[in-house]
Amino acid sequence: MILDLFNLSGKVAVVTGSNTGLGQGICKAFSEAGALVAGVSRRPSSETQDMLGDSFYNIIADLSGLDAVDKIIKQATEKFGRIDILVNNAGLIKRCDSLEFSEEDWDSVMNVNLKTAFFLSQAAARQFVKQGSGGKIINIASMLSFQGGIRVPSYAASKSGIRGITMTLANEWARYGINVNAIAPGYMATNNTEQLRQDGERSADILARIPAGRWGTPDDLAGAAVFLASAASDYVNGFTLAVDGGWLGR
Ligand code: NAP
């Protein structure tokens, strides 16, 4: 039956940035679809833990460097026996005129959004190959994987980069039954966009350009995330799926 293809029962997912926003929404969606979820966050994901109970296990790790990468895969497999899905969701944004942009704001964004995402994907893929039954990697991209944005050079670079390596890794790892895809959320109401939403002029401009006429919510990503994590997407490779209320088509 077609709906069985979306069922994640028996699957184990690692989701970074599990304490809040889109990451928390993805943890909830996976759990509702039947998966066990190892959520990674730099401070306790207490709210997510309360929501999901025993189907959720919190791994505390700072993703600004690579120290935690192997530990994350090890802890998740020790807890749940295997991993089947990785979502590289943790990310940050720094806003400043490009004329003034600092090296620190460049590196901090690139390290979490791109470098750690790559090496965590590599560690997960090594585990998938060892297990011999494929796997799913979902990168959280952005409208700025397609567009330039304003005052966000490191963010645009990282999100264009993540779309690029989504294709590279899909090309290399499809032969192992590993699907690598990305979701490009539009403008979603989370901490990431708090500054934008507080800027009356920018906020009105953005809203006026969204055909759906509203900011997105973490629940809006649930369907795309479960699709790309499930057998329903087994022949989808290297694609970045926009969930944007129509923003890109405008
Ligand atoms: P958010 O609420 O700010 O969530 C970002 C998550 O990343 C938080 O869990 C945050 O942890 C975590 N994180 C940041 N730096 C970290 C580090 N060094 N180590 C471990 N975790 C770290 O924003 P969000 O909107 O849910 O963002 C999730 C993803 O969606 C990001 O990749 C973002 O770029 C992307 N995205 C968002 C939008 C949007 O409109 N909201 C649009 C396109 C793409 P803390 O809570 O501890 O900071």
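A polar contact is a pair of N or O atoms within 3.5 Å; within protein, one atom must be able to donate a hydrogen and the other to accept it, and residues adjacent in sequence count only if both atoms are side-chain atoms. Such a contact, of 2.7 Å, joins the side chains of Ser41 and Ser45. Ser41 belongs to strand β2 (residues 36-41), strands being DSSP runs of E of at least two residues and helices runs of H or I of at least four, numbered from the N terminus. Ser41 counts as buried because its relative accessibility is 3%, the limit for buried being under 20% relative accessible area (1.4 Å probe, protein chains only).

The model is predicted: local features need pLDDT of at least 70 and side-chain atom pairs pLDDT 80 or more, whereas totals for chains, interfaces and linings use all residues. Residues are numbered from 1 along each chain as its sequence is written, and side-chain values use heavy atoms, without hydrogens and water.

The ligand is surrounded by 28 residues, and Asn19, Arg42, Arg43, Tyr155 and Thr190 are the closest; a residue is near if one of its heavy atoms lies within 4 Å.

| Residue | Part | Distance |
|---|---|---|
| Leu22 | backbone | 2.8 Å |
| Arg43 | side chain | 2.7 Å |
| Tyr155 | side chain | 2.6 Å |

Of the 880 Å² of accessible area that the ligand has on its own, the protein covers 93% (Shrake-Rupley method, 1.4 Å probe). The elements giving two or more residues to the shell around the ligand are α1 (21-32) and α5 (153-173).

Definitions and conventions
Buried means under 20% relative accessible area, exposed over 50%, partly exposed in between (1.4 Å probe, protein chains only).
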